[in-house]
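Keep the sequence and the coordinates in view.

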Amino acid sequence: MTDKVHQGHRARKRFGQNFLHDPQVIGRIVKAIAPKTTDTLVEIGPGLGALTEPVAEQAGKLIVVELDRDLAARLEQHPTLADKLTIYQADAMKFDFSQLVTPGRKLKVFGNLPYNISTPLLFHLFEFADHIDTMHFMLQKEVVQRMTAVHGSKAYGRLSVMTQFYCQAMPVVEVGPGAFKPAPKVDSAVVRLLPYATEHRAKVDPAILNRVCLEAFNQRRKTLRNCFSNFASAEQITALGISPTLRPEQLSVADFVRIAQWLATQETNSCV
């Protein structure tokens with residue numbers, strides 16, 4: 001991408017816009033996405049088309065969801081892209097991605113996500129995990145580290161547990177600030193997310209799992225005895241095979257699932 005693509009559009013702070021322009025980085029990301037003509041590809045926040053152009057070139061067609069009205073209009077008039085794109089001028093945080101699914105074909109979703117909304121947007125996308133084959137997102141490097149963190153590490157938290165409940169997550173490309181205009185003050189990275197098939201996901205209500213994570217990591221320096229005092233006694237935690245003296249980051253995803261399953265049973269029994 002040359003600097004010409006940036007002419008006529010100023011990055012908007014309220015949309016968290018940082019436009020990718022480094023051809024080498026773009027090439028590595030497109031290689032990671034590996035677009036094919038048989039894919040249903042969905043780009044969130046195409047911006048000035050740095051990823052859109054090479055992906056559309058390989059796939060022949062592409063669906064894009066763009067919040068910025070000016071950028072959506074720009075893509076509609078694009079000399080080489082307009083015919084290849086189905087454009088939804090919409091807020092991805094409220095968008096129903098299931099409407100894009102065709103029989104027998106899941107979505108391949110990708111994008112350079114705005115840093116200011118990346119976590120809530122990921123949680124929204126997880127709700128459509130059963131309709132998604134792969135996701136590749138450019139995010140703040142710290143967010144990718146949190147998504148892929150193992151239990152016991154400082155970066156491990158609610159985002160780690162919820163991401164790894166829904167998906168296999170791995171970092172695939174590291175990106176310095178110089179790859180963007182304007183250059184952000186942080187390093188970035190691309191994460192690959194492969195949603196688990198429904199039958200391979202733990203049988204638990206994600207809303208309850210999320211609640212357990214919120215209780216735990218809102219007080220991450222405290223022990224489980226204190227974190228979970230709203231809904232479980234130390235004896236009940238021990239009965240689940242988990243020591244109440246542990247701190248939240250010491251629990252595996254499977255441990256969190258076990259607590260959420262137990263809590264769901266408790267709440268069901270109390271309603272009977």
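Pro23, Gln24 and Lys31 are exposed, and they sit on the face of helix H1 that is turned away from its buried side. The model is a predicted one. Helix H1 spans residues 23-33, and its buried residues are Val25, Ile26, Ile29, Val30, Ala32 and Ile33.

Follow the chain out of H1. Ala34 lies in the loop between H1 and strand E2 (40-44). What is the phi of Ala34, which is not a glycine? The angle is positive, at about 50 degrees. Ala34 is partly exposed, and its relative accessible area is 32%.

Next comes a buried position in a strand. Leu107 belongs to strand E5, which covers residues 107-112. Its relative accessible area is 0%, so Leu107 is buried. Which residues does Leu107 touch, leaving aside those up to four places away in sequence? The list is Thr40, Val42, Phe97, Leu100, Val101, His131, Ile132, Asp133 and Thr134.

H4 runs over residues 118-126, and eight of its nine residues are buried, so H4 is largely enclosed by the rest of the structure. The buried residues of H4 are Ser118, Thr119, Leu121, Leu122, Phe123, His124, Leu125 and Phe126.

Now turn to the loop between strands E8 and E9. Pro182 is placed in this loop, with E8 at 180-181 and E9 at 188-195. The peptide bond that joins Lys181 and Pro182 is cis. Its omega is about -15 degrees. Lys185 lies in the loop between E8 and E9 too. Is Lys185 buried or exposed? Lys185 is exposed, because its relative accessible area is 87%, where over 50% counts as exposed. Gln140 is 45 residues away from Lys185 along the chain, and the two C-alpha atoms are separated by 9.9 Å.

Step back to the whole protein. The secondary structure comes to 10 helices and nine strands. The radius of gyration is 21 Å, close to the 19 Å that the globule rule gives for 272 residues, so the protein is as compact as a globular protein of that length. Along the principal axes, the C-alpha atoms fill a box of roughly 65 × 40 × 30 Å. Buried residues make up 50% of the 272 residues.

Contacts tell how the chain is joined up. Take those between residues at least 6 apart in sequence: 66% of them join residues at least 24 apart.

The surface and the charges complete the picture. The accessible surface comes to about 13400 Å², and carbon and sulfur atoms account for 50% of it. There are 32 positive and 26 negative side chains. The centres of the two sets lie 5 Å apart.

Terms used
Residues numbered from 1 in each chain as written. Predicted model: local features only at pLDDT ≥ 70, side-chain atom pairs only at ≥ 80, totals over all residues. Heavy atoms only, no water. Helix = DSSP H or I, 4+ residues; strand = E, 2+ residues; numbered from the N terminus. Rg over C-alpha atoms; globule rule 2.2 N^0.38 Å. Buried < 20%, exposed > 50% of the residue type's maximum accessible area, 1.4 Å probe, protein only. Contact = heavy atoms within 4.5 Å. Areas by Shrake-Rupley, 256 points an atom, 1.4 Å probe, with all protein chains shown as cover. Lys, Arg positive; Asp, Glu negative; His and termini not counted. Charge placed at Lys NZ, Arg CZ, Asp CG, Glu CD.
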